[in-house]
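Visitor: Before I rely on the labels in a model, I would like to hear what each of them rests on. Could you take me through a few?

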Amino acid sequence: MENLIALLVAAPLLGAVVLLCGGRRLDKVGHWIGTLLAAVSFGIGVALFADMLGRTAEDRTLTQNLYTWIPVEGFQADMAFQLDQLSMTFVLLISGVGTLIHVYSIGYMEHDERRRRFFGYLNLFVAAMLLLVLADNYLLLYFGWEGVGLASYLLIGFWQHKPSAATAAKKAFLVNRVGDIGLSIAIMLMFTTFGTFAFEPVLASVGETSEGTLTAIGLMLLLAACGKSAQVPLQSWLGDAMEGPTPVSALIHAATMVTAGVYLIVRSAAIFNGAPDAQLVVTVVGAVTLLFGAIVGCAKDDIKKALAGSTMSQIGYMILAAGLGPIGYVFAIMHLVTHGFFKAGLFLGAGSVMHGMNDEVDMRKYGGLRKYMPVTYATFGLGYLAIIGFPGLSGFFSKDMIIEAAFAKGGTEGWILGGVTLLGAGITAFYMTRVMLLTFFGEKRWQPDAGGELPHPHESPKSMTLPMVILALGSVFAGAFFEIGERFLKWLEPVTGYEHGNPPVSAMTVTAATMVVLVIGIAIAWTMYGRKPVPVVAPRGSLLTRAARKDLYQDDFNHVVLVRGGEHLTRSLVYLDHSVVDGVVNGTAASVGGLSGRLRKLQNGYARSYAVSMFGGTVVLIAATLLMRAV
Amino acid sequence: MSTLTSAHSLWTLAAEAPADRIPAPTIEYAQLAPTLIVVGAAVLGILVEAFVPRKSRYYVQVFLTVAALASAFAAVVGLAAGGYASGKAHIAAMGAIAVDGPALFLQGTILLASVVAVFTFAERRLDPAAHGKRVDSFAAQAASVPGSDSEKAAVKAGFTTTEVFPLALFAIAGMLIFPAANDLLTLFIALEVFSLPLYLLCALARRQRLMSQEAAVKYFLLGAFSSAFLLFGIALLYGYAGSVSYAVIADVVDGTVANIDPALASTMGNDALLLIGGALIMTGLLFKVGAVPFHMWTPDVYQGAPTPITGFMAAATKVAAFGALLRLLYVVLPGLRWDWRPVMWAVAIVTMLAGAVIAVTQTDVKRLLAYSSIAHAGFILAGVIATSAEGVQSVLFYLGAYSFVTIGAFAVVTLVRDAGGEATHLSKWAGLGRRSPLTAAVFAVFLLAFAGIPLTSGFTGKFAVFKAAAESGAGVLVVIGVLSSAIAAFFYIRVIVLMFFSEPKADGPTVAVPSPLTMTTIAVGVAVTLALGVAPQYFLELAGQASTFVR
């Protein structure tokens, strides 16, 4: 079975190569090739999953060593894969949701003349992401990590004719670069500390390593996770990344790639377990982002940006859970999976709405769409109920577990983290209700588009609604399926480890409190957006609203601190370069040139002076030889 | 033989054969095959000139030359495969010629380089056809005075100097013997055998004939001057050791000579003879490799000679001369190394620096390459100084790598032309990359190899010689070598910048489309440059196996 692992990556990679190199003659069938190969990958994933279920828990890890990637003495990197329960979970999520989104894109990108290329990039992304989660060492993981970064860059900027898309792609690329530096430093630290970067030896020899080193590695890994998963302080790119086509936002910027940071932390659990300080920072980052994203999500009128804020916030939950240690790892992943379902579904719903509304993204110009787009309304609605944690749906179970675990952390820390997650749940209920109300309820606030045409909302084609329906089913049932009999816990525990945390209050109390804040959040949203008509032009709003609309001034902060600071630094360096370095260099060059010019005059073209030079040279040579003897 | 002797004695009454009868020399023809093939072909070439009609001479000559070089190379490979490069290495031809690893390696290098160089000799598509006849880079009739009526008549008749092929073969034969010469007289004769044809070849340019002839005269005068030094050195060494044989001289220098007769006893204590003699021979060889201060001829001759000859000379002469220098220093004078090493140190440093520095202000691409070849001679000397097997290995590798880069680079120079023939002034090369990206890119590869940029053979070669030098304790030399490389990189990169980042001039030169001959030369040059840069291991090992001299 283990020989199939490479095929998981190879199938979409083949698709990417064929589609990107195939040229125009594949334009007609390109999307089918791309979708088929993603589905092949999913099929192999399911086969491997079935095989894995047939084994005992200890026997479930498969490895496949393709070849030695970098064969240098003392530095060996293998092109080797490791498929355990954690990787398996990701493989199914990536290839499953990935396939659905391929199907959705067939309809969504129908009128785009570069559709073949789009599917090539999507395949490339799926291949890179699978490589990331299947790698058996950090270097190969890094390869996949950069691969998804590349695919993300290409897809955000897919509509390259729009300057905003090009800028957004560049921004995502640059911000991710900061995080990638963290990952590369972490890998270098691992190599100097452990002499290797394969998961197994690194994670096994953590016990013999000082806490300081582990903290350093952990913080660098966290930096990497912050970049990829859009966590504070590297969160600023995700909102702009919504410039990409909506299926991209659904697949890459909601369900899969942005959760790579969570995977990295959970995969490196042993390192974080040995570094409590790093874990504390992880939880702080998670908690801050959780609130940050939620607040931003409340103020955005752009439906995709509101969902992007929500994504940030939900990943904050996962990071926070991962920072809690063994009491949280399983729940971080569980929330990741359920979030993959409902957030992808929500994004696809948003895409479907935009599809029907002439690509309008401002929710203030929607309203009353439930009658016109019943399937979208139903699936979006189920996704909405799942994300706010409506009892019985996916989000309810996974989020509740994280809130409980946060309280169970214990001490003041536990109370604070628990409080934040609870507050986050309330805000989530608020902003998601807001999105729901603005889009599907209330009066029609449709505005003519640039061509002066009023939109004629209509339901999207089958290829788009089918994936939405499947994802909605996942949003409804996945949580319960995982939770009943603690299936998910038992499945993942052998890899991540698990400790049962005891919250200071009973689990029932926590659930009840969650329900209370949920109701409060919905009620506030209803009061603000359901009861009274919504103005088409956004009111000025309170100070907080205005701040949140500007992403809590994150770009301004970056501009002032990083861009300006960087400019000053480069300016002074340029000055130094001009005055000192160039001075030395140019001085040397000038003196070499001057010397050259003078020596050149010796070459006067007269054979007689050449002969004199030879004679003189010979005399000197003989004299020197004799002198050597004399000395 | 014995019956003959006895029968003889019946009627001469001489009881014994004379004791001091001169033994008949034995010649190992098979082991000398590479040289003999080339000499034979050269002689045949002269007969071709005499008897084959003018129309078909060119084809016969090209075929004969290439076939001779190829079979000579096959003979070298055969000898090497037969173990003559290692276990069976020995001195052939009564002590005159060594058949050993370095000799065979260098002969192979010279032959391969010569083949590709001969392709550029045979190129007939670059120069515009004169009166409907295709012509090459060589004068229509070398003997006619430039600008005279007889020259015009020769051009009109479509004459070409097909004598270049036998001349080149003679030169190559001399070069094959030069690094293998195992006594001083053979060394001298080899030197003259390859020098004289080169002087002639230099004078044969079709265009700018006066400059070409001036270059040839200068080369001849200075070459004769240096030969005189060499010959004087040979005389002094003979006076010191009583023999011209490398092995005997080496024994005398080491003090391990077996039977000392009174004459030897009286001279071998005289170190002045030895030191001055050795220094004079080194002078002669340093002249041929173009080391400072014996380099002055190089730029003038490189510029004046027909460009295919320049490429051939720059590559093959350097290989042969460094081979002879290596053998002299490693076989004859190793006992003297504490005396010659510091001197060679100084020569290497001055050569590297002067070559690199003066090249900075050159404006003619051929002169630029001439100074570059001087700087490279300095780098190779750094490897010679190492006095270790690694040193020999690195020098052998460097010579092989450098030959192909050089011939390739000069072959590219022949392509860039304007109304006056080759456009060698650098200002005319501005923007070449815009107009002829492929030609400019190929030239850039060669320049990067000259500069020693990784993934080219130049890097591997430089790395090898500097490594060998550093391991032998010549750290200072290596530092200066690297600094010179940095200076040298400036002017190589400057040409690349000029080609790719300057606006092309309106009346700039055109790039002629050559025949497959020159294309082969350039393609081989690029292929070898990249192959030795990307995967040098095999060739380094080959050079390593060939690095032991027989004594």
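Guide: What follows takes several labels in turn and sets each against its rule; the model is a predicted one.

Visitor: Why is the contact between B:D271 and A:R629 called a salt bridge?

Guide: The rule asks for a side-chain nitrogen of Lys or Arg within 4 Å of a carboxyl oxygen of Asp or Glu, and since the N to O distance here is 2.4 Å, the pair of B:D271 and A:R629 is therefore counted as a salt bridge. Between chain A and chain B the count is 2 salt bridges, and the elements that give two or more residues to the side of chain A that touches chain B are α23 (554-602) and α24 (607-630) of chain A. Of these, α24(A) gives the most, with 15 residues.

Visitor: What makes β1(A) and β2(A) a pair of strands?

Guide: At least two bridges are required, and strand β1 (residues 62-72) of chain A and strand β2 (residues 75-83) of chain A have 9 bridges in the antiparallel sense, so they qualify as paired.

How values were computed: Residues numbered from 1 in each chain as written. Chains lettered and ligands numbered in written order. Predicted model: local features only at pLDDT ≥ 70, side-chain atom pairs only at ≥ 80, totals over all residues. Heavy atoms only, no water. Helix = DSSP H or I, 4+ residues; strand = E, 2+ residues; numbered from the N terminus.
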